[in-house]
Each structure stands twice: as C-alpha cells, then as structure tokens.
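Let's walk through this structure together, one part at a time. Keep the viewer open as you read.

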Amino acid sequence: MTGDQFESDFKDDLIPDAGPLAGAPGDVSDMSVAISDKIVGVDSVAARAALADVAWEPGAKKPDPILIADGVVRRYGGLTAVDVEHVEVQRGVITALIGPNGAGKTTLFNLLTNFDTPDHGTRTFDGHNIDKVPAYKIANYGMVRTFQLTKALSKMTVIENMKLGGTGQKGESLWRAVLPFTWRAQETAIEQRADALLDRFKLSHMRDEFAGTMSGGQRKLLEMARALMVEPSMVMLDEPMAGVNPALTQSLLGHVTGLRDAGMTVLFVEHDMDMVQEISDWVIVMAEGRIIAEGPPASIGQNKAVVDAYLGSHHDSALDLDTEL
Amino acid sequence: MFLAAIAALMAFLSFGGPVAAQDDPAETVGGRLRAEDDAGDKIFVEGVEFTVFDVDGNEVGTATTDADGVWLVPLLTSGVYSVELNVDTLQGFELRNPENNPLTGVEVQPNTNKNTLFPLGERVIEESNSIRPIQLFVDGIKLGMIIAMCAIGLSLIYGTTGLTNFAHGEMVTLGAMIGFVFHVTWQFDFLGSWMTSLVFGAVMATVITGAIGGLFNELVWKRLRNRGASLISALVVSIGLSIFFRYIFLYQFGGRAGFYRDYRIGSQVEFFGLFTMLRKDIFIVVFGGLILVGVATGLRKTRVGKAMRAVADNRDLAESSGIDVEQVIKYVWIVGSALAGLGGVLFGLTENVNWEMGFRLLLLMFAGVTLGGLGTAYGALLGSLIAGIFIQMSTLLIPGDMKNVGALLALIIILLVRPQGLLGRPDRIG
Amino acid sequence: MDWVSIIESLFRGLIGESFIFFALAAIGLNLHFGFTGLLNFGQAVFMAAGAYGLAMMVATIGPAANRNFGWDLSESTLFWLGIFVGVIVFPVIFALVMGIPTLRLRADYLAIVTIAVAEIFRIVVRSPTPGIKKWTNSSDGLTGFSGTFYDMSPFGTQDRYLFNLFTGNQMFLVMVGWVVLAIVATICWLLIRSPWGRVLKAIREDEDAARSLGKNAYAYKMQALIIGGIFGAIGGMIRAIGFSVAQPDNFITDVTFFVWVALILGGAGKVLAPIVGASLLYGLLNFSDTFLRQGVSNDLIPDSLMTGTQVGQVRFMIMGLGLALLAAFRPQGIFGNKEEMALDDR
C-alpha cells in the first residue's frame, strides 16, 4: 500500500531503453503476437483525434465509448463512496482517472471492473451490460485488470504465470485435464505466445524462475505481460506506477502507449501527475465520490474545481478509501 | 518453560478424575439412582447394590450406590453386558419396571461410560405444570447463556487477531475440571456448606483459565504472529493443540462423566404454570445473566472494553488511533479464556463434566457466533442466545439426541443466506 | 519384548489395508489443501460416504427396494451399484453441501462447516431413532456387503501370504488396494500437471488474480473439493470392505486429524508425498502402539504412568502435539519445498 513495499532493486531492473516496440508509435508489426479480434479495426490515431470534439465536462459523451457507467452509487455504512451520474470511456485511447486521496477512484475502478457491486446503477462494456456478470467473466468479454498490490503469483514460475493468462484453454476443463493429448497442442501454442510476450517485455531470462524471486518492478511487468495473454480489448491498470523505480518508469510508459497504439483501450488510476500528463489522452477527475472534471491533460491543471479539490479545504471526508486495497 | 507448564497442568488434573487416574479403566457401566421422598423432593438413593454380568453370564463386578446415588463398575472391555439391581438392598422404594431387572443388552462402546436407568417409584403423570414450548424456550435461554459466555472469547480472538481458535473449547473443559477438582475431589467446603467449594472452584477456574489463556498468547500465539506465520498455519496449530489437550484430559480425568455434588437436586420451582426450573438452573440463569450484562457493560463503558471492540472491528484504524493492539490482544485472551472457564463450570453444573464437553460446545459456539457475526462481541452474545433457544426448541420437531444437528444445520443455512451474521460486516468474510 | 511381533506390526502398518485407507484419504486432502488451499476438516465424512454408500446399498437400501418394488437385484448388482453410489453420488452431495455455502467466503468458514457436517453425520448415523436405524443400523454399523468382493479373490482364504502376515482375503484386498492407489495417484498427477492444476495453484495463492484472468475460482474450488472427496470415499470404501463393517466410529473426527498429520508430515503439495506420509505415520503408530503395549504388559512401563488402555490416548496426544509443531515449524513436511508451501502464505 505504500511505496516501501515496492522498492525495486535497481540492478535487477531492466535497462531503460526507448520502449518496447521496434519502431515509432503506430508500428504494430511487433504486436502480431497479441492482436485479438477485438481490437482489429481500432484506429487509435483516429480515436484520439475524435476526442478533440468532446466537451470538457463531467459525464461527457464520447464518440465511440467502450465503457459506460450510469447512475452508479456505492455506499459503505453511512458514507457514500461513489456517486457517478454518467461516465464514458473512449475506445482506443488512454484515459487517466485521478483525484485526491479518498476521492473514490479505487472504488469506482473496482465497480467498473466488477470486482465490486454498486448499490445502484448500470455499467456497459463493449455493448454488453455487465451488471450481473461475475468478475471472472469480464475477462472473457475483453476487459482485464491489474492490481495496485501486484499479484504476480510468486509460487509459480514466470512462464506458468504467463500460461495461466491464456483464455479458452481446453486443458482447464476437469475432464480433459486427465487426457493430455486433448490439450497438448493448444498448450504449445500458448507457450509460444507467452515466450514472445516475455521477450517483448524483456523478461525471458527469468522464464523458469519463481515469480517470487523477481524484483517489484519486474513483477509489475510480468503482471502487465500476463494481462496481455488474455488478448483484451481494454486494459485497466490500478496505479501502475506505484512504488516503481524512476528508471523503470519510462519503460512502463512505453509499454502502455504501445498497447494503445495497437488498438487497445487503457484506463489507469494514478497519483503520479507526470505520468498522467505524459501519456494520457483524456483525464477524468474525481473528488468526494463524484466526477468533477473531464478533459485533455493540458486542460486539467487550470480547472478551478480540480485545483480546489486538491488544494482546498474540502478534506472533510472521514472516508479514506484509497488506503484499502 | 512451556513443557513445565504442561507438566504442572497434568499433575494438577491428575487429582481430578472421579476415579483415580492410575487405575482408570476406559470402559465402565454405571448410573445414578433417584427417587422422590415423602415430601415430594427429589433425592438420591444410597446403599443399593448393582451387579454386572457379561454376555456369558459371568459376574464382572458389583458396586453400591453412594450418597449421591452414583454407582460404577469398571469393565475390562467394550461389549454387551447385563445389569442387575439387588432388590433386597432397595429399602423403601419400588422399581417402576421390575420386568427390566436385570437389564440386558447393555452395550458399552470403547472408551465410554454407559449410563443405565432404573426408575423408582410411580411415574408421576404430570410432574410439573409447564407448557412445553415455553419450557423449552427457557431451557434454551439457559443453554444460550452458557454458549454466549464461552463464545465471546472465541469471537473476540477472531476479531482482534484473525485466528479461528479451535482449541477454545478446551478452555471450557479445563474450567469445568478445575471446578470439579476443588468442589468434588478436594471438597474445599467452607462454613460447612457444599456450595462454597463450588463457588471457590468457580473462582479458581476463572482465574486459572484466564491466566493460561494469557500464557498461551504470550508463549504461542504472539510468537507465531511475530514470526509472520500465516493464519492458516495458526489455525492448524490450534487444531493440533485441541487434540493434544483433549487427550490429556481424557488421560488424566478418565472417560466417564463427573457430576458436581448436589445433596439434593433441589426441587423444581414452578413459574406461573408456564415452566419449571431446577434451583441450580435458576442460579445459572441469574448468575450467567449478571455476568453477561457485566461483560456487555464493560465492553461499552470501560476503556479496555472499548479498545477491544475497536481492535476487533478494524485493527489498523485502532492502531492508528493510538491503541496498543498487542496489549488489547493480551486482555482479550485473558478475559475470553476466563469467561470460557467460568462458562465451563456452569456447563458442568447443568450437565456434567467430561473430557469432550468443550469440543462439543465448540461447534455450538461456532453456530452461535456465525449467526451473530464472527468477530463481533455483541453478535456473539446475541447469536449464542438464539442458537441455544433454537437447539432446545428444535426438540419439538426432532428427536432429542439430534438436537445439536438443528443448530449445525442452521449454521450452514446462515452461511448461505447471510454469511456475515446478524451483526457482522460483509467485508470481513471474503 | 517380542521384537518379531513389533517389526511385523510395523511392516503391516507400512503397507497394509489401513495404510491404503489413509493414503487415499491423504491424496484427496492433498488435492484440497496442498493444491487448492481448501481447509477441509471433514475428510472423514467423505471416507464414510464411500463406506456407507456401498454398505447401505447392499445391506439396507437394496433389499428394501427389492421388497417394495418387487425387484430382484442380486447382491453383486447391488455391490456394483453401491460402488457407484459410494464413490460418486454421496461424495458429490457432501461436497455440494459443504461447498456451496462456504467457497465464496474466507477459508476458515469451510473449516467450520466441514467439522459441523462431520458432527451432523456422526449424530445422525448413530441415532437410535427407528426411522434412521433401519438404514444405518446406528452405532452397530452395517455388515454383510463385502461378499461379492471376496468372491472375486484368487487367493485361498485359508492360506497365508507374504511372510505369513496376510490371509488370502487380506492379500487380495491389499493388492487391489495398491492397484487402486496407483491409479488414483496417477490421476492426481495428471490433474496437477494440467492447465486445470495450474489454475488451482493460482487460486490457492490468490483468487483475485485468477479471477482477473478469467478463471471462475468458485467452480474450480468446488471441482477440487469433489475430486478430493471422491478419493477419500474410495479409501473409506476399501477399508469398509477390509473390515467387512461400516461403523460410524471408524469415521470420527480423529480420523480426519490422522489424515491431516499424514499429509503435513509427507509434505502437502507434492503428489506422492501423502503416500509416504501415510505410510510413515501408520507404521509409526503401529510400532509405538505395539511397543508401548508390550512395555506396559512387561512392566517396563509402570502402571502408574500408563495403563494398557491409555496407550491409545497417548498416541493421540503425540499426534495432536506433532501436528501443532509441524504446522508451526515445518509446514512443508518432509518433501515439500518452502516456496510452494501454502501454509507459509495467507
């Protein structure tokens, strides 16, 4: 929960480079290992351009929303953690969700990924209503999430972590599990995909090590790589920069923009304003459970409501939700 | 040091068995002979001789009832026996069912005592005026109070440390046995009344179990916490300890039930024709009620009590408010164990003292605490009371030997319907 | 001291029918706890399910059906039906009853509910009320269901085998038992090495991580509970056949604890470890039992310290303490490795 837990060993971290992709943003040739049907045809350049026409106000409608939440309310005891009338996330761009401590970002994040159920409201993902859908099924629809406290499974090896991410595995069915010939071929294919991703994230040398031996930063990368095994159309990142060594930051940012350029939608919750400014295409600001501002990153700094929320004396909330996981 | 404590405990308990531990046969047959005297009071009958025969008709042993009406014949092995009451020794009373004397087909399981029943005198058709549901309700309150007293510790230990302590039942048994040692074996009667040794025994039981609970926290649980052992391994440790202590109890105390002394059971007291209670049960309910009210008040008003509730509710929040969590945990263990010990004495008073009593009660405690909300204090109280009432009243529908099944089934159903219990919070349960 | 009989009983313990019973139960529990992190403290109920499924089918349900419906099912038909009921039907029912309320909650709740179900089972089966007694024969238990099995034995009933330790029937049972054990162990091994097993390992460590990757944690846990329960039921059935009786007292909670100690001793989380653990444990128990009893009867151990009947109690004391110490200091047992061991982490 605090930075202490994520101290990465500088020596073990990846040597920062220009980013994971061979070429400039937009070069998707390297993404062939991870392209899924869901993101074919998503033109992130056009998607970003379309944002120029969107109004800078909370709940603004987007030209091609992949995720919509309507009238979502979540209360704990007597306190209202989240009360969002309407929010839409544009497909194919990077959206940042920010706000001061206790604003309800994590709660909203959990509600959007269905790891929490709202008291009221509906959520739609990629045209499907996900209100009654259990958390695990969301991944099948194409949404995958990471965790603030990295959940790299330390008792499994890196390659096992990766293979776990594969969807639609026949071998995961109880009946077929005892008959290896029914799933061997698929397993090999999954392993190839995993190795390719590990290569891209420069983790191949740790392939057969237990994930528990990795540094914090490496685990973050592993979690991200593993998430890509799901072949998602939307990646939800929960404080991806938390506790990450500054030397690793550029590398991670590069990976995130790479995802977008390949056609995936990214939403992340962050405190790190530099990251927000540097890579996000759109910013949503929360305070005291509500959305108080939306707009491109440049517009947020001047927004009076935002400044008040961060600096002002509006910290009367007894709620301190961001200290929970 | 730990081993020394265990050795001391064993030595102490070795005084306890109703029969000296050394010659402790694992299988016995016996009973308690009761009758009504001319005044209509219930008494025990002394001086009546019983003979036990094995399946081939060989005499295995004889015994005579003592001042408490108790007789006991040790056996060499489990099996089938017959029991004969020598009517010549039965002065002034008649067997109700003389055709059942000798009683044949008496089956004795391994490691158990078999109780036989020889009713005397006429069966009184309406022994007391009571309306059965109300009677059961009152019985349920009594049982519920005992469960509640023992369960508070269980719930608070879970709330403050996250440990599901499967060895908690053994505290109950320990309390009952300590009370037994002081009251029955050593008979510390003051002022000529048998009641004082019982009171003294109860006080000692409370103090000693409290101290042992605190000791365990220091020596075992705190060390495990500090080593970062997971809650699951702590749970397994508690289960191992539960087995260990239960068999120490069996080893030292023996397999049969011990009874606290009543020179008279005491007559039944009628309440408005609605229900009756034995005098000792009235005492249990009143005394138990006072203790529980005291505990509930203490939790509300005293600093320590409030701290306990705060830590049980949200440990991190409590810690950041400046509460010394380790200190609170220590008190929780001491008070929780002491209450369990006292509850054990009361439980022994209302039923009997045997090596498994705490373990049997543990399951009922889980039922009560889960119903009320695992981790809360008031939830434990409320849930246990309801559980006790439910158990007794379920005998309206199901046979008496299965009444615990009702509570256990209810436990399962609660988890389906409202897992956090009545007063618990949903985020505590996963 | 009759060392020959002590060694004989040790050997018998290491490979005999009781060991097979515990080994199968331990493999099942390994699937539950070692691989999935489920706290099942009612494995004895699954074992009883196997025993009683078979026994009831042959001894009470079958004949009752024959009477009421006018069927004429032979004992051997009932026997095979009974195997199906005992190995599949009953364990599945028990697993559902235990799992549906608790698998979405914290691990502790499964522990509580499994112990509760074990107690319910004990009370109900032993109940003398006639409505129940006619099906289960309460504490006396059921007999007369193993005939079909022994009819298939190629060993002469009067002959003795393997250093004169086993009668013909026992030999047959032990051989069948070993074959079954090998099959079950192989199935377990296949399962663990499969993607299904991989998901279990993920769930054991962190359910949310598994969920975020699209795995239905609840379903996998339930499957593991059922399969592990089936393994236990097979063990219970074999023992019931071996002793030709299905009695409630053979399946009390202490049996569950035996299995736990065997599992942790061997090392939870490795496929073959529970077999070694069960073998060692049972051998040790037999050895100490015979050794102590002889010590008592030869007056090497004074009566004031321990009588013959207390030997059994001392064994349990040692077992309980052993379990506690193992869990605290060496949760990975003999063969487990610390990194993988579930006990070390939440």
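This is a predicted model: local features need pLDDT of at least 70, side-chain atom pairs count only at pLDDT 80 or more; totals for chains, interfaces and linings use all residues.

Residues are numbered from 1 along each chain as its sequence is written, chains are lettered from A and ligands numbered from 1 in the order in which they are written, and side-chain values use heavy atoms, with hydrogens and water left out.

Start with chain B, which has 12 helices and 11 strands. Both kinds of element are DSSP runs numbered from the N terminus: helices are H or I with at least four residues, strands are E with at least two. Of the 430 residues in chain B, 55% are buried. Buried here means under 20% relative accessible area, exposed means over 50%, and partly exposed lies in between (1.4 Å probe, protein chains only). Take the contacts in chain B between residues at least 6 apart in sequence: 73% of them join residues at least 24 apart. A contact means heavy atoms within 4.5 Å.

Leaving aside residues up to four places away in sequence, Val285(B) touches Lys142(B), Met145(B) and Met277(B). Leu33(B) is 252 residues from Val285(B) in sequence, and the two sit 27 Å apart in space, C-alpha to C-alpha.

Now find the open sheet of four strands in chain B, ordered E5-E4-E7-E8 with antiparallel pairing. Its edge strands, each pairing on one side only, are E5 (59-64) and E8 (103-108) of chain B. From one strand to the next the twist averages 30°. Two strands pair if DSSP finds at least two bridges between them; strand E4 (residues 49-54) of chain B and strand E7 (residues 79-85) of chain B, running antiparallel, are joined by five. Phe53(B), for instance, has Ser82(B) in E7(B) as its bridge partner.

Next, where does chain B meet chain C? The contact takes 51 residues from chain B and 58 residues from chain C. Between them about 4800 Å² is buried, with carbon and sulfur atoms giving 72% of that. Tyr109(C), Ile112(C) and Met317(C) supply 14% of the area that chain C buries against chain B, more than any other three residues. Buried area is the accessible area (1.4 Å probe) that two parts lose on being put together, summed over both.

How many salt bridges cross this interface of chain C and chain B? The rule finds one, where a salt bridge is a side-chain nitrogen of Lys or Arg within 4 Å of a carboxyl oxygen of Asp or Glu. Arg360(B) forms a salt bridge with Glu119(C), their closest N and O atoms being 2.9 Å apart.

Over in chain A, there's an open sheet of four strands too, in the order E2-E1-E4-E5 and with antiparallel pairing. E2 (79-90) and E5 (128-129) of chain A are the edge strands. Strand E1 (residues 65-76) of chain A runs antiparallel to E2(A), and 10 bridges join them.

Finally, the cysteines. The structure holds zero disulfides over all chains, a disulfide being a pair of cysteine sulfur atoms within 2.5 Å. Cys150(B) is buried, at 0% relative accessible area, and Cys188(C) also counts as buried, at 1%.

Methods. Axes are lines fitted to C-alpha atoms, for helices over the stretch in contact, and angles run from 0 to 180 degrees between N-to-C directions.
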